[in-house]
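Hi everyone, thanks for coming. I'd like to walk you through one structure today, so please have a look at it first and then we'll go through it together.

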Amino acid sequence: MGDFEKIYQEHGKTVYSFLLSLSHDEHLSEELTQETMFRAIMNFNSFRGDCKLSVWLCQIAKNLYYEWYNKNRKIVPLDETFTPYEDEKDISIDFADKETAWQILQQLHILDDPYKEVFMLHALGDVSLKDISRLFKKSDSWARVIYYRAKNMIIAKLKEDQK
């Protein structure tokens with residue numbers, strides 16, 4: 001059982017952050033993180049090793065979140081305040097600022113897949129674009145292009161809302 005504790009210590013925060021970016025709910029993210037780890041333990045023999053363990057765990061977490069979401073569809077109220085966003089900033093750095101992070105997450109939430117998922121895995125889950133490309137069974141350039149487009153869509157929407 002020590003191996004699973006080590007896995008939880010190494011990847012629990014990544015899974016939690018990923019789920020928090022999806023749900024915007026700390027308690028739900030904690031619950032789903034626990035359920036993710038439980039399912040990973042129960043299905044560890046299905047882990048093929050063709051991607052990083054953190055990518056596999058985030059995939060389980062995503063599926064759990066979508067299961068939960070489909071059962072509990074809620075409308076999340078949007079915050080009306082906005083902090084101006086500068087073009088030159090790296091969008092991933094802004095997650096340190098809670099207000100800006102909330103606005104970015106609101107924009108991220110309305111993106112379609114695969115843009116939303118690729119951006120969250122890379123920017124929030126700290127998953128490399130190479131691992132993302134393997135997860136989606138696409139080329140490395142596909143992952144870079146999708147991430148770049150998602151980032152630009154978020155920036156454009158933030159600028160539009162600023163006006």
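**A walk through the helices**

Let me start with D131, which is buried at 3% relative accessibility; buried means under 20% relative accessible area, exposed means over 50%, and partly exposed is in between, with a 1.4 Å probe and protein chains only. Before going on, please keep in mind that this is a predicted model, where local features need pLDDT of at least 70, side-chain atom pairs count only at pLDDT 80 or more, and totals for chains, interfaces and linings use all residues. Residues are numbered from 1 along each chain as its sequence is written, and side-chain values use heavy atoms, with hydrogens and water left out.

So, who is the partner of D131 in a salt bridge? R134 is, with N to O at 2.2 Å; a salt bridge here is a side-chain nitrogen of Lys or Arg within 4 Å of a carboxyl oxygen of Asp or Glu. R134 and D131 are three residues apart in helix 6, so about one helical turn separates them. In contrast to buried D131, R134 is partly exposed, at 40%. Helix 6 also has other buried residues, including L129, I132 and L135. Just after this helix, K137 takes a positive phi of about 60 degrees, and at 65% relative accessibility K137 counts as exposed.

Now the overall fold. The protein has seven helices and zero strands; helices (H or I, at least four residues) and strands (E, at least two) are DSSP runs, numbered from the N terminus. Of the 163 residues, 40% are buried.

Which residues touch the most other members of the largest nonpolar core? In this core of 40 residues, they are L57 and L108. By a nonpolar core I mean a set of buried Ala, Val, Leu, Ile, Met, Phe, Trp, Tyr and Cys residues joined through side-chain atoms within 4.5 Å. At least two residues of this core come from each of helix 1 (2–23), helix 2, helix 3 (53–71), helix 4 (98–110), helix 5 (115–124), helix 6 (129–136) and helix 7 (140–162). Helix 3 gives the most, with nine residues.

Back to charges: the count of salt bridges comes to five. One of them is between K62 and E117, whose closest N and O atoms are 3.2 Å apart. K62 lies in helix 3 and E117 in helix 5, so this pair ties together parts that are 55 residues apart in sequence. Where do these two sit, buried or exposed? Both K62 and E117 are buried.

In helix 2, R39 and E35 are four residues apart, so they are separated by about one helical turn. Their side chains meet in a salt bridge of 3.1 Å, N to O. R39 counts as partly exposed, at 28% relative accessibility, and E35 does too, at 29%. Salt bridges that share partners join E35, R39 and E67 into one network.

Finally, two spots in the loops. H24, in the loop between helix 1 and helix 2, has a positive phi near 60 degrees, in a residue other than glycine. And P114, in the loop between helix 4 and helix 5, is joined to D113 by a cis peptide bond, with omega about 5 degrees.

Thanks, and I'm happy to take questions.
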